[in-house]
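Thanks for coming. Please bring up the sequence and the model, and we will go through them together.

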Amino acid sequence: MRVDIYCRDEAQGKHSYLAVPEGKPIPEEATNTDWQPEARQVEVDDDSDDLPRYHIVHPLEQIGAKGYAITSLNEQL
């Protein structure tokens with residue numbers, strides 16, 4: 001699956017990332033934050049189901065459950 005990645009600034013210079021299926025809009029419940037485009041057409045490997053560069057764990061599972069995947073607050077750099 002390919003996803004589009006969005007980024008938002010957090011406290012202390014940290015960032016959160018949001019992944020949505022390629023070409024889909026950010027779901028309504030996540031639009032209340034200023035997400036900025038970060039990357040387009042990022043491939044999620046079905047075998048590893050992980051996006052370590054964006055600190056998103058199990059993005060395919062998250063997308064299946066809620067339509068998007070987001071950085072875990074515990075995984076942020």
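First, a definition: helices (H or I, at least four residues) and strands (E, at least two) are DSSP runs, numbered from the N terminus. Counted that way, this protein has 1 helix and 6 strands. Their order from the N terminus is β-β-β-β-β-α-β.

Two remarks on where this comes from. What you see is a predicted model, in which local features need pLDDT of at least 70 and side-chain atom pairs count only at pLDDT 80 or more, while totals for chains, interfaces and linings use all residues. Residues are numbered from 1 along each chain as its sequence is written, and side-chain values use heavy atoms, with hydrogens and water left out.

Now the overall dimensions. The C-alpha atoms fill a box of roughly 35 × 25 × 20 Å along the principal axes. For 77 residues, a compact globule would have a radius of gyration near 11 Å, and the value here is 11 Å, so the two agree. That radius is taken over C-alpha atoms, and the globule rule is 2.2 Å times the number of residues to the power 0.38.

Accessible areas come from the Shrake-Rupley method with a 1.4 Å probe, and for residues only the protein chains shown count as cover. The total for the protein is about 4,900 Å², with 44% of it belonging to carbon and sulfur atoms. A residue is called buried under 20% relative accessible area, exposed over 50%, and partly exposed in between (1.4 Å probe, protein chains only). Buried residues make up 38% of the 77.

Contacts are next, meaning heavy atoms within 4.5 Å. Take the contacts between residues at least 6 apart in sequence: 50% of them join residues at least 24 apart.

Which strands form the sheet, and in what order? There are 4 of them, in an open sheet ordered β3-β1-β2-β6, and the pairing is antiparallel. At the edges are β3 (36–43) and β6 (69–70), each pairing on one side only. Two strands pair if DSSP finds at least two bridges between them. In general, strands of a sheet pair through backbone hydrogen bonds, either parallel or antiparallel.

Let us walk across the sheet. β3 and β1 pair over 5 bridges in the antiparallel sense, and here Tyr 6 has Pro 37 in β3 as its bridge partner. β1 and β2 pair, again antiparallel, over 7 bridges, with Cys 7 opposite Tyr 17 in β2. Strand β2 (residues 15–21) then pairs with β6 in the antiparallel sense over 2 bridges, where Ala 19 stands opposite Ala 69. β2 is also mostly covered, with 6 of its 7 residues buried.

Now look at Asp 9, in strand β1 (residues 2–9). Is Asp 9 buried or exposed? Its relative accessibility is 62%, so Asp 9 counts as exposed. Leaving aside residues up to four places away in sequence, Asp 9 touches Lys 14 and His 15. Between Asp 9 and Pro 27 there are 19 Å in space, C-alpha to C-alpha, and the two are 18 residues apart in sequence.

The last topic is backbone angles. Most residues other than glycine have a negative phi. Where do we find positive values in this model? One is at Gln 12, with a phi near 60°, in the hairpin of β1 and β2, which has 5 residues between the strands. Another is at His 55, which is not a glycine but has a positive phi of about 60°. His 55 is in the loop between β4 (50–51) and β5 (56–57), and at 14% relative accessibility it counts as buried. His 58, also not a glycine, has a positive phi of about 55°. The place of His 58 is the loop between β5 and α1 (59–66), and with 40% relative accessibility His 58 counts as partly exposed.
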